[in-house]
Amino acid sequence: MLAFNFFGATEGGLFDINATLPLMAIQVVALTYILNSLFFKPVGNVVEKREKFVSNNIIEAKNKLSEVKKLEADLLTQLQSARTEAQKIVSEAEDESDKLYKEALELANNEANASKEKARLEIESQTSAARDQLSKQADDLSELIVNRLILEK
Amino acid sequence: MFFNSWLTNFAALEVGQHLYWQIGNIRLHGQVFLTSWILLGALLVFISLGTKKMENDPKGLQNLLEFLWDYIRDLARTQIGEKVYRDWMPFIGTLFLFVFVSNWGGALIPWRLIKLPSGELGAPTADINTTIALALLVSLSYFYAGLSNKGWRYFEYYVHPTPIMLPFKILEDFTKPLSLSFRLFGNILADELVVGVLVFLVPLILPIPVMFLGLFTSAIQALIFATLAAYYIGEAVEEHH
C-alpha cells in the first residue's frame, strides 16, 4: 500500500504534480509584490535613511576634525614663531646687556688704570724728589764732615 | 503478517496522500494551500505590526525586521553583486521568508491535531509542487536577470571559458531547478517522516532532539535555497571580461 502510494502515479503519491504548482508560483510572485510594498521598501527606506544620516554625520565630524587639526597646526606654528621671536628678543637683550656690562667694565678698568698710573707717577716723582733731597743732604753732610776734618787739622 | 501490519501502521503517516480540491477541471492539493495561507497570513500580520510605526530609533519588532532586512540585503549583495542586488532583493527575501516560514511552521505547529478527510497538514515545502514552483521561478528569474542586464550577450555565458562548456552549461539549466526543488522537498519531507516515525514508535522524549535537528535543517534549507537563487542570478548578471 505504501509502496504504491510512495511513487504512485495514478492518484495521489509523493510526486503528484498538478495545478498546485502554477498556482503556488503565482502565489509566491504575489507574495513578492506584497512583501516588497509591505516590508522591503519601507524598512529599506528607514534603514537607508539612517545609514545616510550616520554616514553624513561621520563625514561632517571628519571634516570638523580635520579643520580642528588644521587650526591646531596653525596655532602650533604661531606659537612656535612667537617662541622663537621671544627667544630672539631675549638673546638680543642679553647681548645688549652683555655689551653694556663689558663697556662699563672697560670704562671702569680704564679709569682705574689711569688713576693707578697717575698715582704711580706721583709716587715715582715724590720718590725721586725725596731721593734727590736725600742725596743733596748727604752731599751737604759729607761736605760738612770734610770741612770739619780739614779744619781740625 | 507482521510486515503487513507494520505497513498499514506506517501508512498511517499518510505519505503521499492529499486533500484534493476540485475546481472545474483542475485538481489542487488543498492541504498545501491551507497551511501556506495560515503561515503567510501570520507572516504578513507580523510584518504589518512591525512596520506600522516606523521610527528612526527602532524599537521592538522594528528592530527584528530591520535585522532581517539587513540579513537579506547582505545575502543578496554578496551573491548578486553591488550593481543589481537592489532589483532582486525582494525576490530573494521572499524566497527566504517563504521557505523559512513554511519549514518552521511545518515543524513547530502541531498540524496533526487537525484532522482532514484525506491527507494531513504539514510544511508546504514538503510538497513537490511547491518546491518545483519555487525552483522554476528561480530559473525564470535568472534568465530574465541575465537577458535584461546583458541582452543577447547573456548567452556568452554558455561558452564562457571555452565553447566546450556549452553542453554542460545547457545541462546546468536543467539540473539547477531539479536540484533546488528536490533538495528542499527531500529535506523537509524526510524531516517530517523521521519525526513522524519516531513519534509513532517512541512517543516520548526521543523525538525531541530530532525535532531540534529538524528546526536546524529547516532554517539551513531556507538559507541554502535563497543563497543559491541569489547565486544563480548573480552568475547570470556577472560581466565576463
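Predicted model: local features only at pLDDT ≥ 70, side-chain atom pairs only at ≥ 80, totals over all residues.
Biologist: Which pattern does chain B follow when read along the sequence?

Modeller: Chain B holds seven helices and two strands. Taken in sequence order, these elements give the pattern α-β-β-α-α-α-α-α-α.

Biologist: In which sense do strand 1 and strand 2 of chain B pair, and over how many bridges?

Modeller: In the hairpin of these strands of chain B, two residues lie between the strands, and Gly24(B) takes a positive phi near 60°. Ile23(B) stands opposite Ile26(B), which belongs to strand 2 of chain B. Strand 1 of chain B covers residues 20-23, and its pairing with strand 2 of chain B is antiparallel, over four bridges.

Biologist: At what angle do helix 3 and helix 7 of chain B pack, and how far apart are their axes?

Modeller: Helix 3 of chain B spans residues 61-80 and helix 7 of chain B spans residues 207-237. Helix 3 passes helix 7 of chain B in a right-handed crossing. The angle is about 35°, and the axes are 7 Å apart.

Biologist: How many nonpolar, polar and charged residues has the contact of helix 3 with helix 7 of chain B?

Modeller: Helix 3 of chain B contributes Leu75(B), Ala76(B), Gln79(B) and Ile80(B), which meet residues of helix 7 of chain B including Ala226(B), Tyr231(B) and Val237(B). By class, the contact of these two helices of chain B has eight nonpolar, three polar and no charged residues.

Biologist: How do the residues of the contact of helix 5 with helix 6 of chain B divide by class?

Modeller: Helix 5 and helix 6 (residues 166-201) of chain B pack at about 145°, with axes 8 Å apart. Among the residues making the contact are Ile128(B) and Leu134(B) of helix 5 of chain B, and Lys176(B) and Phe185(B) of helix 6 of chain B. The division is ten nonpolar, three polar and one charged.

Biologist: Which helix of chain B supplies the largest share of the side that touches chain A?

Modeller: In all, 41 residues of chain B are in contact with 35 residues of chain A. Elements of chain B that each supply at least two residues to this side include helix 1 (2-10), strand 2 (26-29) and helix 4 (85-108). The largest share, eight residues, comes from helix 5 of chain B.

Biologist: What percentage of the residues of chain B count as buried?

Modeller: A residue is buried if 20 or more other C-beta atoms lie within 10 Å of its own. Of the 241 residues of chain B, the share that counts as buried is 36%.

Technical notes
Residues numbered from 1 in each chain as written. Chains lettered and ligands numbered in written order. Axes fitted to C-alpha atoms, helices over the stretch in contact; angles between N-to-C directions. Left-handed = near helix turned anticlockwise from the far one by under 90°. Contact = placed C-beta atoms within 7 Å. Nonpolar A, V, L, I, M, F, W, Y, C, P; charged D, E, K, R; others polar. Pairing = 2+ DSSP bridges. Buried ≥ 20, exposed ≤ 12 C-beta atoms within 10 Å, placed from the backbone.
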